[in-house]
Amino acid sequence: MSNLVNDADLSSSLDCPIVDGKRQVQHVTPRTADVGGIPVNRVLPSRHRRLIGAWCFLDHAGPAVFKGDARGLRVGPHPHIGLQTFTWMIEGEVLHRDSLGNEQVIRPGQVNLMTAGRGISHTEESVTGESHLHAAQLWIALPEAHRRTDPRFDHYPTLPQWQEGDVVLTLLTGEFAGQRAPTLAFTPLVGLDLAATSGGSLQLPLREDFEYGLLPLEGELVIEGERFATNELAYLGRGRSQVALELPAGGRAILVGGEPLGEEILIWWNFVGHSKAEIIEAQRDWEAGSERFGSIPQFDGKRLEPPPLPWRE
(Lines give C-alpha, C1' and ligand atoms only; values in the text may rest on other atoms or scores of the structure.)
Protein backbone atom coordinates (compact mmCIF):
# COMPACT_ATOMS: atom_id res chain seq x y z
CA MET A 1 0.00 0.00 0.00
CA SER A 2 1.29 3.47 -0.87
CA ASN A 3 2.41 5.75 1.94
CA LEU A 4 1.10 8.77 0.03
CA VAL A 5 -1.72 10.44 1.95
CA ASN A 6 -3.15 13.50 0.22
CA ASP A 7 -6.94 13.18 0.11
CA ALA A 8 -8.84 16.44 0.42
CA ASP A 9 -10.97 15.11 3.28
CA LEU A 10 -7.84 14.98 5.45
CA SER A 11 -7.51 18.78 5.41
CA SER A 12 -9.07 19.13 8.86
CA SER A 13 -7.82 15.87 10.39
CA LEU A 14 -5.12 16.24 13.03
CA ASP A 15 -4.02 12.60 12.95
CA CYS A 16 -2.36 10.88 10.01
CA PRO A 17 -3.67 7.32 9.53
CA ILE A 18 -1.78 4.27 10.76
CA VAL A 19 -1.15 1.59 8.13
CA ASP A 20 0.49 -1.74 9.02
CA GLY A 21 1.45 -0.31 12.39
CA LYS A 22 3.16 2.79 10.93
CA ARG A 23 1.81 6.30 11.16
CA GLN A 24 1.71 7.81 7.70
CA VAL A 25 2.91 11.20 6.48
CA GLN A 26 0.67 13.44 4.39
CA HIS A 27 2.21 14.93 1.24
CA VAL A 28 1.07 18.48 0.44
CA THR A 29 2.18 19.88 -2.92
CA PRO A 30 2.79 23.63 -3.27
CA ARG A 31 1.20 26.08 -5.63
CA THR A 32 3.06 29.03 -7.10
CA ALA A 33 2.18 32.65 -6.47
CA ASP A 34 3.73 36.08 -7.03
CA VAL A 35 4.44 38.35 -4.06
CA GLY A 36 5.92 41.75 -4.78
CA GLY A 37 7.49 40.55 -8.01
CA ILE A 38 9.03 37.43 -6.43
CA PRO A 39 7.81 33.91 -7.29
CA VAL A 40 6.93 31.95 -4.17
CA ASN A 41 5.87 28.41 -3.35
CA ARG A 42 2.79 28.38 -1.08
CA VAL A 43 1.93 25.29 0.96
CA LEU A 44 -0.42 26.79 3.56
CA PRO A 45 -3.31 27.18 3.27
CA SER A 46 -4.26 24.54 0.72
CA ARG A 47 -7.22 22.28 0.20
CA HIS A 48 -5.16 19.48 1.74
CA ARG A 49 -4.05 21.36 4.85
CA ARG A 50 -5.49 24.54 6.38
CA LEU A 51 -3.61 24.91 9.66
CA ILE A 52 -0.68 23.50 11.60
CA GLY A 53 -1.26 24.65 15.15
CA ALA A 54 -1.93 28.37 14.72
CA TRP A 55 0.33 28.56 11.64
CA CYS A 56 -2.12 29.44 8.85
CA PHE A 57 0.09 30.60 5.97
CA LEU A 58 3.50 29.49 4.68
CA ASP A 59 5.30 30.90 1.67
CA HIS A 60 8.80 29.90 0.59
CA ALA A 61 10.28 32.87 -1.29
CA GLY A 62 13.34 32.18 -3.43
CA PRO A 63 16.16 31.51 -3.57
CA ALA A 64 16.02 34.39 -6.06
CA VAL A 65 18.75 36.41 -7.79
CA PHE A 66 17.92 39.84 -9.21
CA LYS A 67 19.75 40.80 -12.39
CA GLY A 68 20.17 44.07 -14.22
CA ASP A 69 17.78 46.78 -13.09
CA ALA A 70 15.48 44.43 -11.15
CA ARG A 71 14.48 46.01 -7.83
CA GLY A 72 13.83 42.75 -6.04
CA LEU A 73 10.97 42.41 -3.59
CA ARG A 74 8.63 45.40 -3.48
CA VAL A 75 5.29 45.08 -1.67
CA GLY A 76 3.30 48.28 -1.27
CA PRO A 77 1.23 49.32 1.76
CA HIS A 78 -1.33 46.70 2.70
CA PRO A 79 -3.37 45.94 5.83
CA HIS A 80 -3.61 43.01 8.23
CA ILE A 81 -5.89 42.02 11.10
CA GLY A 82 -6.09 38.99 13.39
CA LEU A 83 -2.63 37.56 12.74
CA GLN A 84 1.11 37.79 13.21
CA THR A 85 3.36 38.02 10.16
CA PHE A 86 6.55 36.01 10.71
CA THR A 87 9.57 36.40 8.41
CA TRP A 88 12.64 34.15 8.68
CA MET A 89 15.43 35.52 6.50
CA ILE A 90 17.92 33.10 4.99
CA GLU A 91 19.62 35.25 2.35
CA GLY A 92 19.33 38.90 1.37
CA GLU A 93 18.11 41.99 3.21
CA VAL A 94 14.57 43.40 3.30
CA LEU A 95 13.32 46.69 4.76
CA HIS A 96 10.11 46.57 6.81
CA ARG A 97 8.07 49.73 7.40
CA ASP A 98 4.72 49.91 9.18
CA SER A 99 1.99 52.34 10.17
CA LEU A 100 3.30 52.45 13.75
CA GLY A 101 6.42 54.18 12.45
CA ASN A 102 8.77 51.19 12.68
CA GLU A 103 11.57 50.79 10.12
CA GLN A 104 13.70 47.66 10.35
CA VAL A 105 16.06 45.88 7.97
CA ILE A 106 15.96 42.13 8.42
CA ARG A 107 19.16 40.22 7.66
CA PRO A 108 20.00 36.50 7.36
CA GLY A 109 19.50 34.61 10.61
CA GLN A 110 16.92 37.07 11.94
CA VAL A 111 13.15 37.07 12.48
CA ASN A 112 10.72 39.95 11.97
CA LEU A 113 7.41 39.51 13.79
CA MET A 114 4.50 41.90 13.29
CA THR A 115 1.39 41.48 15.42
CA ALA A 116 -1.54 42.95 13.51
CA GLY A 117 -4.20 42.58 16.20
CA ARG A 118 -7.06 45.01 15.50
CA GLY A 119 -5.25 46.54 12.52
CA ILE A 120 -1.92 47.60 11.02
CA SER A 121 -0.43 48.20 7.57
CA HIS A 122 3.12 47.66 6.35
CA THR A 123 5.47 47.53 3.36
CA GLU A 124 8.34 45.24 2.43
CA GLU A 125 11.08 45.93 -0.09
CA SER A 126 14.56 44.67 -0.87
CA VAL A 127 17.34 46.96 0.33
CA THR A 128 18.84 49.08 -2.46
CA GLY A 129 21.59 47.16 -4.24
CA GLU A 130 20.53 43.79 -2.80
CA SER A 131 20.68 41.04 -5.45
CA HIS A 132 19.42 38.01 -3.48
CA LEU A 133 16.35 36.93 -1.57
CA HIS A 134 15.61 33.71 0.26
CA ALA A 135 13.08 33.63 3.09
CA ALA A 136 10.21 31.79 4.69
CA GLN A 137 7.20 34.04 5.27
CA LEU A 138 4.47 32.77 7.56
CA TRP A 139 1.31 33.93 9.26
CA ILE A 140 0.16 32.91 12.72
CA ALA A 141 -3.57 33.17 13.45
CA LEU A 142 -4.34 35.01 16.67
CA PRO A 143 -6.80 33.14 18.91
CA GLU A 144 -10.20 34.77 19.26
CA ALA A 145 -9.39 36.08 22.74
CA HIS A 146 -6.45 38.11 21.35
CA ARG A 147 -7.68 38.95 17.87
CA ARG A 148 -8.12 42.66 18.72
CA THR A 149 -4.89 43.07 20.67
CA ASP A 150 -2.81 46.22 20.19
CA PRO A 151 -0.67 46.09 17.04
CA ARG A 152 3.10 45.92 17.54
CA PHE A 153 6.36 45.03 15.82
CA ASP A 154 9.26 42.96 17.20
CA HIS A 155 12.66 42.23 15.69
CA TYR A 156 14.77 39.26 16.83
CA PRO A 157 18.40 39.55 15.69
CA THR A 158 19.64 36.68 17.88
CA LEU A 159 18.00 33.28 18.28
CA PRO A 160 19.02 30.05 20.04
CA GLN A 161 21.29 27.98 17.80
CA TRP A 162 23.12 24.69 18.30
CA GLN A 163 24.52 21.80 16.31
CA GLU A 164 23.67 18.10 16.24
CA GLY A 165 26.13 16.19 14.10
CA ASP A 166 26.35 18.03 10.78
CA VAL A 167 23.01 19.81 11.20
CA VAL A 168 22.75 23.35 12.59
CA LEU A 169 19.43 24.00 14.35
CA THR A 170 18.00 27.49 14.94
CA LEU A 171 14.97 27.87 17.18
CA LEU A 172 12.71 30.52 15.65
CA THR A 173 9.88 30.42 18.19
CA GLY A 174 8.71 28.33 21.13
CA GLU A 175 10.61 25.68 23.06
CA PHE A 176 12.58 22.73 21.73
CA ALA A 177 15.23 20.38 23.12
CA GLY A 178 15.67 22.45 26.27
CA GLN A 179 16.01 25.72 24.34
CA ARG A 180 13.56 28.64 24.44
CA ALA A 181 13.22 31.37 21.81
CA PRO A 182 12.35 34.93 22.88
CA THR A 183 9.73 35.28 20.15
CA LEU A 184 6.30 36.60 21.18
CA ALA A 185 3.53 34.00 20.85
CA PHE A 186 -0.14 33.87 21.81
CA THR A 187 -0.56 30.09 21.53
CA PRO A 188 1.86 27.18 22.15
CA LEU A 189 4.01 27.04 18.99
CA VAL A 190 7.36 25.89 17.69
CA GLY A 191 9.40 26.89 14.65
CA LEU A 192 12.79 25.33 13.90
CA ASP A 193 15.25 25.81 11.03
CA LEU A 194 17.52 22.89 10.12
CA ALA A 195 20.58 23.40 7.90
CA ALA A 196 22.98 20.60 6.96
CA THR A 197 26.55 21.61 6.15
CA SER A 198 27.19 18.12 4.84
CA GLY A 199 24.73 15.25 4.60
CA GLY A 200 23.23 14.53 7.99
CA SER A 201 20.60 12.46 9.74
CA LEU A 202 18.96 13.02 13.11
CA GLN A 203 16.01 12.17 15.31
CA LEU A 204 13.92 15.14 16.36
CA PRO A 205 11.96 14.82 19.62
CA LEU A 206 8.31 15.87 19.28
CA ARG A 207 5.39 16.59 21.60
CA GLU A 208 2.56 14.16 21.04
CA ASP A 209 -0.07 16.85 21.74
CA PHE A 210 1.36 19.14 18.99
CA GLU A 211 0.71 18.78 15.28
CA TYR A 212 3.73 19.30 13.01
CA GLY A 213 4.76 19.97 9.44
CA LEU A 214 8.19 19.84 7.77
CA LEU A 215 9.02 21.77 4.62
CA PRO A 216 12.24 21.17 2.63
CA LEU A 217 13.60 24.58 1.61
CA GLU A 218 16.71 23.34 -0.18
CA GLY A 219 17.37 19.80 -1.37
CA GLU A 220 15.38 16.61 -1.02
CA LEU A 221 14.43 15.53 2.50
CA VAL A 222 13.90 11.95 3.67
CA ILE A 223 11.31 11.73 6.46
CA GLU A 224 10.61 8.38 8.09
CA GLY A 225 12.03 6.72 4.96
CA GLU A 226 9.91 8.75 2.52
CA ARG A 227 11.34 11.26 0.08
CA PHE A 228 10.03 14.82 -0.08
CA ALA A 229 11.05 17.22 -2.83
CA THR A 230 11.92 20.85 -2.21
CA ASN A 231 8.72 22.77 -1.35
CA GLU A 232 6.69 19.60 -0.74
CA LEU A 233 5.22 19.85 2.76
CA ALA A 234 5.25 16.80 5.01
CA TYR A 235 2.33 16.93 7.45
CA LEU A 236 3.14 14.75 10.45
CA GLY A 237 -0.02 15.36 12.48
CA ARG A 238 -0.18 14.60 16.20
CA GLY A 239 0.74 11.56 18.22
CA ARG A 240 4.46 11.33 17.43
CA SER A 241 7.20 11.39 20.04
CA GLN A 242 9.96 11.75 17.43
CA VAL A 243 10.66 11.87 13.71
CA ALA A 244 13.65 10.57 11.74
CA LEU A 245 15.18 12.87 9.11
CA GLU A 246 17.92 12.72 6.49
CA LEU A 247 19.20 15.94 4.88
CA PRO A 248 21.60 16.11 1.92
CA ALA A 249 24.74 18.25 1.90
CA GLY A 250 23.54 21.85 1.78
CA GLY A 251 19.99 20.75 2.60
CA ARG A 252 17.65 22.94 4.59
CA ALA A 253 14.19 22.51 6.10
CA ILE A 254 11.82 24.27 8.45
CA LEU A 255 9.74 22.53 11.13
CA VAL A 256 6.53 24.23 12.25
CA GLY A 257 4.18 22.92 14.90
CA GLY A 258 1.89 23.78 17.71
CA GLU A 259 -1.07 22.95 19.84
CA PRO A 260 -4.13 22.63 17.56
CA LEU A 261 -5.88 26.01 17.48
CA GLY A 262 -9.35 24.50 17.97
CA GLU A 263 -11.04 27.54 16.44
CA GLU A 264 -12.49 28.17 13.01
CA ILE A 265 -10.75 30.98 11.16
CA LEU A 266 -11.34 32.67 7.82
CA ILE A 267 -8.61 33.98 5.54
CA TRP A 268 -9.44 36.56 2.88
CA TRP A 269 -6.78 38.57 1.08
CA ASN A 270 -4.52 39.89 3.89
CA PHE A 271 -7.04 39.45 6.67
CA VAL A 272 -7.49 36.64 9.19
CA GLY A 273 -10.77 36.68 11.08
CA HIS A 274 -13.15 34.62 13.14
CA SER A 275 -16.22 35.81 11.23
CA LYS A 276 -17.15 37.16 7.83
CA ALA A 277 -18.41 40.32 9.51
CA GLU A 278 -15.03 41.33 10.91
CA ILE A 279 -13.29 40.71 7.58
CA ILE A 280 -15.94 42.74 5.73
CA GLU A 281 -15.50 45.55 8.24
CA ALA A 282 -11.71 45.50 7.84
CA GLN A 283 -11.87 45.59 4.06
CA ARG A 284 -14.39 48.46 4.08
CA ASP A 285 -12.15 50.37 6.51
CA TRP A 286 -9.09 49.90 4.28
CA GLU A 287 -10.97 50.92 1.16
CA ALA A 288 -12.26 54.04 2.95
CA GLY A 289 -8.78 55.07 4.12
CA SER A 290 -9.71 54.65 7.78
CA GLU A 291 -7.23 55.73 10.45
CA ARG A 292 -7.49 52.17 11.75
CA PHE A 293 -4.68 51.12 9.40
CA GLY A 294 -2.67 54.35 9.47
CA SER A 295 -0.30 55.23 6.65
CA ILE A 296 3.32 54.79 5.53
CA PRO A 297 4.32 58.06 3.85
CA GLN A 298 7.97 56.97 3.48
CA PHE A 299 7.01 54.42 0.80
CA ASP A 300 7.10 55.94 -2.70
CA GLY A 301 4.49 53.79 -4.35
CA LYS A 302 0.85 52.85 -4.51
CA ARG A 303 -0.90 50.94 -1.78
CA LEU A 304 -2.44 47.55 -2.55
CA GLU A 305 -6.17 47.25 -3.10
CA PRO A 306 -8.18 44.10 -2.34
CA PRO A 307 -10.32 42.15 -4.78
CA PRO A 308 -14.11 42.39 -4.36
CA LEU A 309 -15.43 40.66 -1.25
CA PRO A 310 -16.82 37.18 -1.90
CA TRP A 311 -19.71 37.70 0.54
CA ARG A 312 -22.60 40.13 0.92
CA GLU A 313 -22.56 42.50 3.84
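Throughout these legends, a residue is called buried when its relative accessible area is under 20%, exposed when that area is over 50%, and partly exposed in between, with a 1.4 Å probe and protein chains only. The model is predicted, so local features need pLDDT of at least 70 and side-chain atom pairs count only at pLDDT 80 or more, while totals for chains, interfaces and linings use all residues. Residues are numbered from 1 along each chain as its sequence is written, and side-chain values use heavy atoms, with hydrogens and water left out.

View 1. W268 is buried, at a relative accessible area of 17%, whereas W311 is partly exposed at 23%. The two residues form an aromatic pair (rings of Phe, Tyr and Trp, the last by its six-membered ring, with centres within 6.5 Å; stacked under 30 degrees between planes, edge-to-face over 60, tilted for the rest). Seven such pairs are counted in total. One of them, F57 with W139, is stacked, with 4.2 Å from centre to centre and 15 degrees between the planes. F57 belongs to strand β7 (residues 55–65) and W139 to strand β14 (residues 132–141), so that this pair joins parts of the chain 82 residues apart; helices (H or I, at least four residues) and strands (E, at least two) are DSSP runs numbered from the N terminus. F57 and W139 are both buried. The pair of W268 and W311, by contrast, is tilted, at 6.3 Å centre to centre and 55 degrees between the planes. Because W268 lies in strand β27 (residues 266–268) and W311 in the segment after α1 (276–287), the pair ties together parts 43 residues apart in sequence.

View 2. W269, F271, W286 and F293 are linked into a cluster by ring pairs. Over the ring of W286 sits the charged end of R303, 3.9 Å from the ring centre; a charge is assigned to a ring if NZ of Lys or CZ of Arg is within 6 Å of the ring centre and within 35 degrees of the ring normal. R49 lies over the face of Y235 in a corresponding view, at 3.6 Å from the ring centre. The side chain of R49 also makes a polar contact of 2.7 Å with the side chain of Q26, where a polar contact is a pair of N or O atoms within 3.5 Å, one of which, within protein, must be able to donate a hydrogen and the other to accept it, and residues adjacent in sequence count only if both atoms are side-chain atoms. Q26 is found in strand β4 (residues 25–28) and is buried, with a relative accessible area of 1%.

**View 3. The nonpolar cores.** A nonpolar core is a set of buried Ala, Val, Leu, Ile, Met, Phe, Trp, Tyr and Cys residues joined through side-chain atoms within 4.5 Å. In the largest core, of 39 residues, C56, F86, W88, L138 and I254 touch the most other members, and β14 gives the most to this core, with five residues. Leaving aside neighbours within four places in sequence, F86 is in contact (heavy atoms within 4.5 Å) with residues including W55, V111, L113, L138 and L172. A second, separate core of 27 residues includes L169, L204, F228 and A234.

**View 4. V256 in strand β26.** V256 lies in strand β26 (residues 252–258) and counts as buried, at 2% relative accessibility. Not counting residues up to four places away in sequence, V256 touches I52, W55, L138, V190, E211, Y212 and G213.

**View 5. Backbone details in loops and a strand.** The peptide bond from L44 to P45 is cis, with omega near -10 degrees, and P45 lies in the loop between β6 (38–44) and β7. A cis peptide bond also joins G62 and P63, with omega about 0 degrees, and P63 is placed in strand β7. A177, although not a glycine, has a positive phi of about 50 degrees; A177 lies in the loop between β17 (167–176) and β18 (179–180) and is partly exposed, with a relative accessible area of 49%. Phi of E224 is likewise positive, near 50 degrees, in the loop between β22 (221–223) and β23 (226–228).
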